[in-house]
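User: Hi! I have a structure open here and would like to talk it through with you. Could you take a look with me?

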Amino acid sequence: MSHDSEGHASRSAASDHARTVAEQADRHALTLESVLAALRSARLSDAAARAEAVEIASAALIELRTATDRQRNSLLEPVTGAFSRLRADLRPLVRFGDLDVQFVEPPTTGRALPGDVAHSARAIVRTAVLALVDDGAARRVRIQWDCDGRNLLMQLRDDGAGALDVHDDAVRPIAERVVALEGTLSVASTPGWGSTVDISLPLDPSPRTAEADTDSDLTDREREVLRLVATGVGNREIAEGLGISLNTVKYHVANLLRKHGARTRAELAAAGART
């Protein structure tokens, strides 16, 4: 494997690791908030509160162990299914906290979400909810998802102090994730009336993304593989033609898909035909 390929693989692995760590941190924060909400609930006896806290923590541990594998195995996720999983994530805060979370369901006809978009959208909303209720003033949060065919549109509105600003520290991790996905984020606050967070995430890589990783970013071997992919031959034929292993071909094809922002082999072949 060339040094260029090793470098790209290392950066990709580092990016995946950072995303997984961030997701786990969000889930830990949500679990702790939910456990505290159960333990502090005036509606539960001490024994019931402890039992609920144990149940929440146990469920969170199971989810933590399986979430990454489940997400990676899902290439597309119906928008309604992704929203239902978000509701499940936030259910403990709704059941045991003082927070009234209102959910506005997305249209059932909405376009299915790429797995990475669905995964990031839930993480972004969970972080945003915690940011909105951080000062303790908010008692109600309204969460709405919609899809215009090209973007996932998310809005969160609370009835808090109306002091949240896009430059606040609590908003920074949200903004960083949105920017990484080439989305947009805006925050509008009215003192005494609450804050509204609007987020738009594109469902397809933009032309700018596809053009950013041009042929100059490819290794010599990747150019050879791309040229053969564009002719329509399969991985085994490419391996035999170049005298490399089948696994090495799969590795190069995966890198080429990522670099060209392509989701299918057909899209990659079309990109190779243009170069």
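This is a predicted model: local features need pLDDT of at least 70, side-chain atom pairs count only at pLDDT 80 or more; totals for chains, interfaces and linings use all residues.

User: Good to know. Where in the fold is the place of Asp-89?

Analyst: Asp-89 sits in helix H3.

User: And what is Asp-89 in contact with, leaving aside its neighbours within four places in sequence?

Analyst: Those contacts are Arg-27, Leu-30, Arg-122 and Arg-126. With Arg-126 there is also a polar contact between the two side chains, at 2.8 Å.

User: Nice. Let's zoom out: how many helices and strands are there in the protein chain?

Analyst: The protein chain has 10 helices and seven strands. Of its 275 residues, 38% are buried. If you take contacts between residues at least 6 apart in sequence, 68% of them join residues at least 24 apart.

User: What about the surface: how much of the accessible area belongs to carbon and sulfur atoms?

Analyst: Carbon and sulfur atoms account for 53% of an accessible surface of about 14,800 Å².

User: Now the inside. Which residues have the most contacts inside the largest nonpolar core?

Analyst: That core has 35 residues, and the ones with the most contacts inside it are Ile-143, Trp-145, Leu-152, Met-154 and Leu-201. Several elements each supply at least two residues of this core, among them helices H3, H4 and H5 and strands E2, E4, E5 and E7. H4 gives the most, with nine residues.

User: Then tell me about H4. How many of its residues are buried?

Analyst: In H4, 17 of the 18 residues are buried, so this helix is largely enclosed by the rest of the structure.

User: Okay, on to H9. Which of its residues are buried?

Analyst: The buried ones in H9 are Val-249, His-252, Val-253, Asn-255, Leu-256 and Lys-259. Looking down the helix axis, the buried residues of H9 fall within an arc of 160°, so they line one face. As background, an α-helix has 3.6 residues a turn, so residues three or four places apart point the same way.

User: What comes just after H9?

Analyst: Gly-261, which takes a positive phi of about 65°.

User: Speaking of glycines, is Gly-194 buried or exposed?

Analyst: Gly-194 is buried, with a relative accessible area of 8%. Gly-194 lies in strand E7, and its C-alpha is 7.2 Å from that of Arg-157, a residue 37 places away along the chain. Beyond its sequence neighbours within four places, Gly-194 is in contact with residues including Asp-158, Gly-160 and Ala-188.

User: Last one: which helix does Ala-49 lie in?

Analyst: Ala-49 lies in helix H2, residues 46-72. At 4% relative accessibility, Ala-49 counts as buried. Not counting residues up to four places away in sequence, Ala-49 touches Ala-38, Leu-39 and Leu-44.

Notes. Residues are numbered from 1 along each chain as its sequence is written. Side-chain values use heavy atoms; hydrogens and water are left out. Buried means under 20% relative accessible area, exposed over 50%, partly exposed in between (1.4 Å probe, protein chains only). Helices (H or I, at least four residues) and strands (E, at least two) are DSSP runs, numbered from the N terminus. The arc is that of the directions from the helix axis to the C-beta atoms. A nonpolar core is a set of buried Ala, Val, Leu, Ile, Met, Phe, Trp, Tyr and Cys residues joined through side-chain atoms within 4.5 Å. Contact means heavy atoms within 4.5 Å. Accessible areas come from the Shrake-Rupley method with a 1.4 Å probe; for residues, only the protein chains shown count as cover. A polar contact is a pair of N or O atoms within 3.5 Å; within protein, one must be able to donate a hydrogen and the other to accept it, and residues adjacent in sequence count only if both atoms are side-chain atoms.
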